[in-house]
Amino acid sequence: MSASGIPLGRFVFPLDLNNRAYVPNLFNGCLQRETNMWERVQNGGGLKLLCPGTKYQTPPWVRMPPQGRRFSPISSISLPTNDGNDHLVTSFLVPLGYDGVIVTVVANYSGQGFVEGSGDLTWRLQLNERYVKDYGNLQTSVGSLTIPTNIQNSIFLLSGQLVQFFVNRSVGSVSLVGGRIVCGLLGWYWPR
Amino acid sequence: MSDIPLKQIVDGFSWNSNLLYTQPRFWPNALAQLDVLRRAANYRARWFVFPQDIDQPIQPYDTYYDQLEVNGGSYLFGYNFACISATDPNGDPVDTTPSDLLIQAEDSCTGIPLFLDYANANGNAANFQSRCLPILLSQPRLILDPGLVTASISNRTKNTITCQLLLHFAEPCKIIDESTRARDVRFLTGGTR
């Protein structure tokens, strides 16, 4: 009996069941070869090195590259009825082969009676079927067309995505009078 | 060169009597892709959930993000999703289904996502009828160092929903040989033994 109380010492028997070491077998070798191969690919720069595409000196979502193209779909609709449904104001499709970023969001109401944050109007920015984080339930107006607000968390767009900007007028919003809902999204695409 | 017969694998998959191993079904064919992983030694199952706190709801029209860290060399081989409960904007309980949510997972290192875009959770929740538990990937996905995986769940309704996404990993165990153990013992005992 060893000093540790384990017969023949702790080097022969495992300390507990979790310390059992199974001898690596042929299949571990297969998995290890796969891991080594992908590590070599990853250390060499990843699969992007093998794929055709454009390389940029700086991240294209931070600074628009020379090949980039700006977009600024701005649209407006008259104040919708207070039916509690989402009404589409503007939308666009990201061109195939291009990724993009939205750096500025404009969501405005030009009529009277709107109190910020009251919930009478709610703007929703949707990418395909999901709502963009922090822009899916926007109850305050953001920026203006003359003074656009640069948002801190850029919204990334992928090739082929459908971008839609909705407004929702709640059923109880009877204080809103006239005016139009204005929505705009500004940013740029770059070739993938 | 002759064929080498392999022994029957005995693990949790083998013991599930609810499964039908008929040839044209997806599940047994996906399970066949796990054959090497199931036969390898020194891999253990490790499951991760999102959100970690099951009481943390996904807010209306919001997207939940989280990241986990697994050991480099782990394999993601399956997942499952459960939609638990929901409350409407007034705070009253309301029925909910997984179709109210969208899910996505991504290898942070390579940026390669599990789905091309957010996938409807309704098709990703196993119920032992239309889909078996866990939902297996067509091939296990290798996660390299640093082993970071991000997951997102998007709520597209006005209701506040509690749900959970479960990711199944096979994690390589660290082999502790005698020299390593002796070094650790010396470290723990301050050099005396």
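Student: How many residues does α1(A) have, and how far does α1(A) reach from its first C-alpha to its last?
Tutor: α1(A) has 18 residues and reaches 26 Å from first C-alpha to last, close to the 26 Å expected at 1.5 Å a residue. The expected span is 1.5 Å times one less than the number of residues. Keep in mind that this is a predicted model, where local features need pLDDT of at least 70, side-chain atom pairs count only at pLDDT 80 or more, and totals for chains, interfaces and linings use all residues. Residues are numbered from 1 along each chain as its sequence is written, while chains are lettered from A and ligands numbered from 1 in the order in which they are written.

Student: What order do the strands take in the open sheet of four?
Tutor: The order is β3-β8-β5-β6 of chain A, with antiparallel pairing. Two strands pair if DSSP finds at least two bridges between them. β3 (86-93) and β6 are the edge strands, each pairing on one side only.

Student: How many bridges join β5 to β8 in chain A?
Tutor: Seven, between residues 121-127 and residues 162-169, and the two strands run antiparallel. One detail to look up in the viewer: R124(A) has F166(A) in β8(A) as its bridge partner.

Student: Switching topic: how many residues do chain A and chain B give to their contact?
Tutor: Chain A gives 25 and chain B gives 23, with residues in contact if their C-beta atoms, placed from the backbone, lie within 7 Å.

Student: Which element gives the largest share on the side of chain A?
Tutor: α1(A), with nine residues. By class, that side of chain A has 10 nonpolar, nine polar and six charged residues. Ala, Val, Leu, Ile, Met, Phe, Trp, Tyr, Cys and Pro count as nonpolar, Asp, Glu, Lys and Arg as charged, and the others, Gly among them, as polar.

Student: Last one: what pLDDT does chain A average?
Tutor: It averages 85, and 88% of the residues score at least 70. pLDDT is the predictor's confidence in each residue, from 0 to 100. Over residues 1-6 of chain A, though, the pLDDT is below 50.

Note on methods: Two residues are in contact if their C-beta atoms, placed from the backbone, lie within 7 Å.
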